Amino acid sequence: MSTPSDSEVAENCFDIERVSNIFERCLLDEDDVRMDDYLAAYEEIMKFFLLMGKVFTFVSSDVRHKLDILYELRRKDIEEVKHFDTIKSMLLYEKDENLLHQKGYVSGSRTLLRLHRGLEFVYEFLLRLQNVEDNEKAHTVCKSAYNDTLAKHHPFIIRKGAQVAMFAMPTRGDLLKRVCPNVDVASAMELLPNMLKHMRVAYDRTDELYTLHDLHNLP
């Protein structure tokens, strides 16, 4: 059986430095976020979910579909008129055109809101993971991050399944080796704070836009 090449490993791993750079690049002006870069960053986060296997099935199973919806909306943009090139422009367009509750219309604002909630969970989990020892199980901080974020938006059956799955999580050291096989654990932990900083700015900007336009409660 052939073993993966170094380039294949790098392509399929969760690259903390790359995620950090993309989130930094996605920031536009003082209050906006570039859609293409946001989606590129989320593609990297998808690798994190997939590398975790069944533990994050409750998150990853729906993320791919939502990313594809937003890619399709971006493809419909033309050079002269771009409604979906930034998060701000998308929210304004769908709100001003009364598209948010239009029957049959697949809303980018509603779709992105679900990804936004998932990003909060990823941020909180990785933030809290910094305070766990390498030989300590990661499920406790994962469960607390989930309960404080995504659990608020999930029905009971999904919450229960997610919490049960989290008990299968490995130690912090083994977790980082699994999702970041191209770097050692110490290097991954050194890179993590900078990534979290840029991720948080992108999250906060998005959150503020949804607050400004009163769109946090889109069904």
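The model is a predicted one, so local features need pLDDT of at least 70 and side-chain atom pairs count only at pLDDT 80 or more, while totals for chains, interfaces and linings use all residues. Residues are numbered from 1 along each chain as its sequence is written, and side-chain values use heavy atoms, with hydrogens and water left out.

Helices here are DSSP runs of H or I with at least four residues, strands are runs of E with at least two, and both are numbered from the N terminus. D77 is buried, because its relative accessible area is 13%. The word buried stands for under 20% relative accessible area, exposed for over 50%, and partly exposed for anything in between (1.4 Å probe, protein chains only). What does the side chain of D77 hold on to? One partner is the side chain of R74, in a polar contact of 2.8 Å; another is the backbone nitrogen of F84, reached at 2.9 Å. A polar contact is a pair of N or O atoms within 3.5 Å; within protein, one atom must be able to donate a hydrogen and the other to accept it, and residues adjacent in sequence count only if both atoms are side-chain atoms. Setting aside neighbours within four places in sequence, D77 is in contact with K82, H83, F84 and D85, where contact means heavy atoms within 4.5 Å.

R74 itself belongs to helix α4 and is buried, with a relative accessible area of 16%. Not counting residues up to four places away in sequence, R74 touches M35, D36, F84 and D85. F84 is buried too, at a relative accessible area of 7%.

For rings of Phe, Tyr and Trp (its six-membered ring), a pair needs centres within 6.5 Å; planes under 30 degrees apart are stacked, over 60 edge-to-face, and the rest tilted. Y93 is partly exposed, with a relative accessible area of 23%. Elsewhere, F14, F48, F49, F121, F125 and Y146 make up one aromatic cluster. A charge meets a ring as well: the charged end of R200 sits over the ring of Y123, 4.9 Å from its centre. That label requires NZ of Lys or CZ of Arg within 6 Å of the ring centre and within 35 degrees of the ring normal.

Next comes the nonpolar core, a set of buried Ala, Val, Leu, Ile, Met, Phe, Trp, Tyr and Cys residues joined through side-chain atoms within 4.5 Å. The largest one has 68 residues, and F14, F49, F121, F125 and L126 touch the most other members. Helix α10 (residues 185–212) gives the most to this core, with 11 residues. Beyond its neighbours within four places in sequence, L126 is in contact with F14, F48, L192, M195 and L196.

Which residues of helix α2 (residues 16–25) are buried? They are I16, V19, S20, I22 and F23. These residues cover an arc of only 165 degrees around the axis, which puts them on the same side of α2; the arc is taken from the directions from the helix axis to the C-beta atoms. An α-helix has 3.6 residues a turn, so residues three or four places apart point the same way. The buried residues of α2 pack against β1 (27–28), α3, α6 (108–129) and α10. At the start of α2, a side-chain oxygen of D15 comes to within 3.2 Å of the backbone nitrogen of E17.

E43, in helix α3 (residues 35–51), has 23% relative accessibility. Apart from neighbours within four places in sequence, E43 is in contact with R64, L67 and Y71. K88, in helix α5, has a relative accessible area of 24%. With neighbours within four places in sequence left aside, K88 is in contact with D31, D32 and L209. The buried residues of α5 are I87, S89, M90, L91 and E94, and just after this helix N98 takes a positive phi of about 55 degrees.
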